[in-house]
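Keep the sequence and the model side by side. We will walk from a core to a helix, and then to a strand.

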Amino acid sequence: MDKLEFVLENFNLREKFLIAIIIVLLAIFLAFKVESLFINSFFNHNIFIHDIDIKKEQSINQNLEQKLQILNQKLQQIQNKTLIYEQYLSLFQKKYDQYLKNIQTLASNNKIEIENITQTEIQKNNINRYDFFIKTYGNFNALLSFIKDLENSNFYYQINTIEMQNLKSLKLELNLEISIIHINKGI
């Protein structure tokens, strides 16, 4: 330290001032350099952590969006199936009177005589099942056409038994047992 004091004593005022300015500039330069390195390393570390978190969140969001699309597709398929089932079930929403009226209309269109219609009803939960026993008379072609019309009508009939007998000279007797189902709207 004595040597440094000796050297500094030999400098004139201008040289001492220049050395002081250089030392201050070096100190400022080192301070900014150290500060920028410290701040950059600190923030880069935090930014790196945040960047990893952001990438994880983005991948989670992408997975959730893909799952949401898959679920939306499944929901659309279920809604389409439900619509088909509702249309199918609408066949069974028709009332008992509508079925009877349809049977009578089809019989009159085919020019056959209905002698007797009897029915039984079985009710279970919200479903009513009706069994019709129909006794009609007519020629063979008219009776066959009547049966075809029953099968092809917009009403759902289940034909359980068909019996034809020739009791009268030109007219055949047709005995049908038909079942229908009516679903109450409570379902």
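A nonpolar core is a set of buried Ala, Val, Leu, Ile, Met, Phe, Trp, Tyr and Cys residues joined through side-chain atoms within 4.5 Å. Buried here means under 20% relative accessible area. This is a predicted model. Its largest nonpolar core has 21 residues. Those that touch the most other members are F132, F146, L150, Y157, L176 and I178. The elements α3, β2, α4 and β4 each give two or more residues to this core. In soluble globular proteins, nonpolar side chains tend to be buried together.

Start with helix α4. The helix runs over residues 140-152, 13 residues in total. From first C-alpha to last, α4 reaches 18 Å, close to the 18 Å expected at 1.5 Å a residue.

Which residues of α4 are buried? They are A142, L143, F146, I147 and L150. Viewed down the axis of α4, these buried residues fall within an arc of 140°, so they line one face of the helix. An α-helix has 3.6 residues a turn, so residues three or four places apart point the same way. On the other side of α4, N141, K148, E151 and N152 are exposed.

The buried residues of α4 pack against α3 (96-109), β2 (127-138), β3 (158-165) and β4 (172-183). Take L150. Leaving aside neighbours within four places in sequence, L150 is in contact with I103, L106, F155, Y157, L176 and I178.

Now turn to β4. This strand is mostly covered, with 10 of its 12 residues buried. β4 pairs with β2 in the antiparallel sense over 12 bridges. β3 and β4 also pair in the antiparallel sense, over 7 bridges.

N175 lies in β4. Is N175 buried or exposed? N175 is buried, because its relative accessible area is 18% and the cut-off is 20%. K135 stands opposite N175. E163 has N175 as its bridge partner in β4.

Beyond four places in sequence, the contacts of N175 are I134, K135, T161, I162, E163 and Q165. Q165 is 10 residues from N175 along the chain, and their C-alpha atoms are separated by 8.4 Å. N175 also has a polar contact: its side chain and that of E173 are joined at 3.0 Å.

Terms used
Residues numbered from 1 in each chain as written. Predicted model: local features only at pLDDT ≥ 70, side-chain atom pairs only at ≥ 80, totals over all residues. Heavy atoms only, no water. Helix = DSSP H or I, 4+ residues; strand = E, 2+ residues; numbered from the N terminus. Expected span 1.5 Å × (residues − 1). Buried < 20%, exposed > 50% of the residue type's maximum accessible area, 1.4 Å probe, protein only. Arc of directions from axis to C-beta. Contact = heavy atoms within 4.5 Å. Polar contact = N/O pair within 3.5 Å; in protein donor to acceptor, adjacent residues only side chain to side chain. Pairing = 2+ DSSP bridges.
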